[in-house]
Amino acid sequence: MPRFFQKLYRTRDDIPVNFEDLITSNSSINKLNEIVLKMREYCNEWMNFINNNGDSEIYLKNQDEIDQCKKLLFEFEDEIKSFELGIYSLSKDKNLMRAFNLTNKVFKEVSQEKYTGWRLFQIIFIVRMFPALYNREMPSNDQRAKEIIESSLYADVLWFPTGGGKTEAYLGTILTTLFYDRLRGKEKGVSAWLRFPLRMLSKNQLDRVAKILIVAEKFRLADENLSGKGMPFSIGFFAGGGNTDNFVKKKTKEDALANEITKMNKMLIHKCPSCNEPLSFLFNDSQWRYVHKCNNEDCFVKNKMNGNVPIFITDSEVYRFVPSVICGTVDKTAIAGRYREFSQLFGQVQGRCERHGYFSDKCIVGRYDEFGSCNVTASKSTNEIMKVKSQFYDPVPTLFIQDELHLLKDELGSLSSHNEGYLMELAKTYCKSPDHIPKIIAATATIEAYEKHIKHLYMRTPRKYPSMGYKSGESFYATSTPERKRRLYIGLLPHSKSQEEVISRAVYLYQKEIANISTNPEIYFKKIGLTNLSDLVDIIGDYDLTTVYVNNKSMGYDINRRLNELEDLKLRTEFLTGENDMEKIIKVIDQIESERESSIGNKLNVLNATSLISHGVDLDRINNFFMAGMPSKQSEYIQASSRAARSNVGLVFVSFKATNLKERSQYQYFIENHKFLDQLVDPVPINRMAVKAVEKSFSSILCSLLLGIHSGINKEVLDKCGKVDKYISNRNAYEKSVHDEILEQLFNIYGCNTEFFPLATREKLKVFIKNLYQEKWNLLELVLQQHISKIKKY
């Protein structure tokens, strides 16, 4: 059987960046400048490498190789310049420096000495984002204003192998943004919007964000410049539908609180992010919201936050309380075409109910949750409306962060690009200044042709980070030296057995050996080379859970059946698919995390899953991974197999399908395939200008414009044909054509006014959009005429 042992590509540890060195302004500048010097030294080494046509290990054979090496050097030099610009921004803004210092204090406490500082690529990335924050309050006469604004408008792509620490990098950026927003006067409203392509990702990352934000709130309350200023840091889970409720009827509430099982199913987090004790689940009838409550008398959440974990889990709660950080799925943005309240995430409120929070026309609880239960309405006075809106200083979110960028492809990518266009149109409409639109950060571990992907998705100039080095497996940020093993890939091509049978047998043999070791540890621990029996027990705790990846559900059910029918080995199994509700997924993940110290007979032995598990599942106990066939895409294979060996050396066993020509070829070139995994990733297919995609999203985008922007101008929701007709007629009487205004907004959203795409394509799409718009307007007039005819008839 072919096998390949993947080397561990890890951050360099010869340039430590401790949190302790970044908690005062002077030490921060000194440490960051020290990193700049190291970057310059590496740059000089690189130049010497080029001038000498290589070194004793690598020889640059021709001019093409020299030119390619120079191109990578120029990318690294640009990173140095952008890092220096971040340091400049930090030195010019005392509030930004204070926010950065507080962020490092938070991470120092959160780490609990498991780690003492940032990985090199993380800290440089965070500092490179500071111009986008400084730009929000930058004096107009700043000598580097042009550079600051230009840096702010990039879409930054954070690329690093899975398990390398991308999440901590953007969490550090989010935390600095939260503190900075409070210090500069933004006391409420959304600071960061974190989006994921899959609900599994959004739930998994929600726990990590919650832990960070609770500690951040602790430091906020203790800081004399922040205590008493603004709302507590909070999280909104914005996924809706099958994940959490959009709105909460009385019956929905009663069903959720019926018993402990229904409560557990409705909860998003089950343990307190601060003390790790079990949470209780309640309903606050006064505020009409679900509450995750900590009852530990010694916990910060109990003592300083009334026991309420600051998390909002329904759409209604997110709209009404406008949390600091939104964490949800990317497809949720499509709901903008259904509710005017979506624009409240950009500070566009018209009133505030003392019990239930902010609203647009009428209290959301009385309008959507429990109809008629609250009748508070917004004033029609412009002064009163502006008074409520003024509570949201700089109302547009500072950060838009997209994780797992490569999953936004095909139809999902095209439709998402249109929704992103609408979000930018909202931002440009309501921002303080044309340059104060959200900073876009996109994280991924597998990406090819990212330039095209970013331009189609965001209509922004892309900037990838970190750059590669001048030697394979080596860069300024990370290294593979000295060599350490990470994952052992083993391939098998069965000819007379089905994949279900092969994988079931392999899992059986593996679990049989685990059972033997657990039953007779004294026989094995000396053979392995251990001196302490307890060390073997710890090792088994990391390797006794087997994960099986299947490409279709029928195969998964068959493998589960085979494993459950074993007579000499009783295995506990679970099967997760995209059809499972969020409650089931959360339950299984929590079970895996809590069982490490349990005895072997009381643990989950086998987790069987479809592609649901291939993104965002960061569990230390997944260290042996069995794959029943290859995924269709190389990027999916990288992501799926990377679930194993996040913290320990791991095994990935792949059974190839003999009747599939592609899989037979992958087996034949198994070693070569794994040597060049990243280079074999396919470009992401996406086209925001595709006519069919535009046709599919047009009605939603048009409704979003009417609800999110024009309803604000009208001071009343445009949710009926008659209201829209009256609004357009009234505005046309004393202003420019509203039709022209809407068409221009549509052109902006779909990319007709950007130079990223060919002129002929843009002009052709303009004509198509005009025809679609006219078609929708003709339909609206027809509906109005029919309605008027009915009225006259009666």
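A polar contact here is a pair of N or O atoms within 3.5 Å; within protein, one has to be able to donate a hydrogen and the other to accept it. With that in hand, take Ser111 in this predicted model: its side chain reaches the backbone oxygen of Tyr115 at 3.0 Å. Ser111 sits in helix H3, which covers residues 94–111. Is Ser111 buried or exposed? It counts as buried, because its relative accessibility is 2% and the cut-off for buried is under 20%.

Now for the nonpolar cores. Two of them are set out here:

| Core | Size | Residues to look at |
|---|---|---|
| Largest nonpolar core | 188 residues | Phe342 and Phe346, with the most contacts inside it |

As for Phe342, set aside the neighbours within four places in sequence and you still find it touching Trp193, Phe238, Tyr319, Thr333, Ile335, Ala336, Tyr422, Leu423 and Leu426.

The largest cavity has a volume of about 110 Å³. Which residues are closest to its centre? Out of 13 lining residues, those are Lys409, Ser635, Asp682, Pro683 and Val684. By type, the lining of this largest cavity splits into 5 nonpolar, 4 polar and 4 charged residues.

Note on methods. Residues numbered from 1 in each chain as written. Predicted model: local features only at pLDDT ≥ 70, side-chain atom pairs only at ≥ 80, totals over all residues. Heavy atoms only, no water. 1 Å grid on protein atoms, 1.4 Å probe; cavity = no way out; pocket = protein on both sides within 12 Å on 5 of 7 lines; lining within 4 Å. Points joined across faces, edges and corners; volume = space filled by probe spheres on them. Nonpolar A, V, L, I, M, F, W, Y, C, P; charged D, E, K, R; others polar. Core = buried A, V, L, I, M, F, W, Y, C linked by side-chain atoms within 4.5 Å. Buried < 20%, exposed > 50% of the residue type's maximum accessible area, 1.4 Å probe, protein only. Contact = heavy atoms within 4.5 Å. Helix = DSSP H or I, 4+ residues; strand = E, 2+ residues; numbered from the N terminus.
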